Amino acid sequence: MKVLILGVGDAFTYRSFGTSAVVQGSQGPVLLDCPDLIHRALFEGSLKSNWEVDVGTVDDVIITHLHGDHCNGLESYGFAKLVNRLMGKSKVMPRLWTHPGAAARVWERLAPAMDAPLTKGGRKSELRDYFDLRLIEPNMTSMIQGLAVECRYTIHSIPTIGLKLTDGKGSLGWSGDTVYDQAHIDWLSSCDVIVHEANLGPVHTNIETLNSLPEAIRRKMRVTHIVDNFDPDCTDIKPLVEGELIEI
Ligand SMILES: [Zn+2]
């Protein structure tokens with residue numbers, strides 16, 4: 001499994017992209033979260049990794065939750081995919097995979113910018129004009145571009161999921177935004193690589209807590225969603241780097 005790290009930043013970053021990645025399934029790429037400047041994040045990630053991937057080639061997006069640093073790119077992504085369809089470059093309606101709590105409210109975020117009629121005098125646009133909405137829930141496995149994807153709710157300020165993705169050969173755990181939750185780490189622990197968030201404040205996981213995990217877990221863990229002045233010497237868990245390509 002090939003994973004391109006697009007962003008490692010948090011909600012307040014001035015130097016990074018929001019935490020996000022592209023995972024290569026056997027049938028195509030899958031975007032994990034869609035932060036601001038998603039086109040540029042993909043462009044720069046492609047340049048650094050030599051894996052050419054852009055919004056045009058990504059038809060599946062998984063959204064962990066509706067904080068802007070994880071979903072602000074959906075508007076531009078949705079419009080870009082629409083333009084591609086209108087120009088005949090693609091016939092695919094992009095699939096937006098998320099949990100019921102986010103699915104119920106994502107249009108509240110997008111509608112003020114996206115609900116104009118697509119034709120003069122036509123009806124107001126709806127979410128289905130931009131996205132094929134697919135629900136993912138705990139205790140179910142979804143096949144997304146050849147990847148088996150499972151999710152679990154985290155402890156965060158709004159409904160949020162973590163993810164486990166596997167192509168049958170390797171597996172990636174993705175914590176999503178969460179406070180330290182041992183049960184969540186136990187759930188992720190079956191994966192070959194665990195990407196865990198590390199940030200400050202009451203709705204995130206402090207790096208000191210991850211430092212106290214058993215060595216066997218820390219060895220396969222990488223941290224993301226880090227502050228701009230994150231000190232890599234404060235931990236033996238390697239922070240992810242933007243443009244990094246991970247082979248699992
Ligand atoms: Zn969040």
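**Starting with one bridge**

In strand 10, which residue is the bridge partner of Leu165? It's Leu172.

Before going further, a word on what you're looking at. This is a predicted model: local features need pLDDT of at least 70, side-chain atom pairs count only at pLDDT 80 or more, and totals for chains, interfaces and linings use all residues. Residues are numbered from 1 along each chain as its sequence is written.

Helices and strands here are DSSP runs numbered from the N terminus (helices are H or I with at least four residues, strands are E with at least two). Two strands pair if DSSP finds at least two bridges between them. With that in hand, you can find an open sheet of seven strands, in the order 7-8-9-10-11-12-13, with mixed pairing. Strand 7 (142–144) and strand 13 (238–239) sit at the edges with a single partner strand each, so one side of each has no neighbour in the sheet.

Strands of a sheet pair through backbone hydrogen bonds, either parallel or antiparallel. For a parallel example, look at strand 11 (residues 193–197) and strand 12 (residues 221–224), which are joined by four bridges. Val195 has Arg222 as its bridge partner in strand 12.

**Strand 9, covered on both faces**

Now for strand 9 (residues 161–166). A residue is buried if 20 or more other C-beta atoms lie within 10 Å of its own, exposed if 12 or fewer, and partly exposed in between, with C-beta atoms placed from the backbone. Six of the six residues of strand 9 are buried, so the strand is largely enclosed by the rest of the structure. In a regular strand the side chains alternate between the two faces of the sheet. Here Ile161, Leu163 and Leu165 are buried on one side, and Gly162, Lys164 and Thr166 are buried on the other.

Strand 9 pairs antiparallel with strand 8 (residues 147–153) over six bridges, and Glu150 has Lys164 as its bridge partner in strand 9. Strand 9 also runs antiparallel to strand 10 (residues 171–174), with four bridges. The hairpin of strand 9 and strand 10 has four residues between the strands, and Gly168 in this hairpin takes a positive phi near 95°.

**Zooming in on Gly162**

Gly162 belongs to strand 9, and it counts as buried because it has 27 C-beta neighbours inside 10 Å. Two residues are in contact if their C-beta atoms, placed from the backbone, lie within 7 Å. Leaving out residues up to four places away in sequence, Gly162 touches several others, including Cys151, Trp174, His184 and Leu188. Asp177 is 15 residues from Gly162 along the chain, and their C-alpha atoms are separated by 7.5 Å.

Helix 3 (residues 74–86) and helix 4 (residues 100–114) pack at an angle of about 55°, with their axes 10 Å apart. The contact involves Leu74, Glu75 and Gly78 of helix 3 and Leu110, Ala113 and Met114 of helix 4. Axes are lines fitted to C-alpha atoms, for helices over the stretch in contact, and angles run from 0 to 180 degrees between N-to-C directions.

A nonpolar core is a set of buried Ala, Val, Leu, Ile, Met, Phe, Trp, Tyr and Cys residues joined through C-beta atoms within 7 Å. The largest one has 58 residues, and Val22, Val23 and Val61 have the most contacts inside it. Beyond its neighbours within four places in sequence, Val22 is in contact with residues including Leu4, Leu6, Val53 and Val58.
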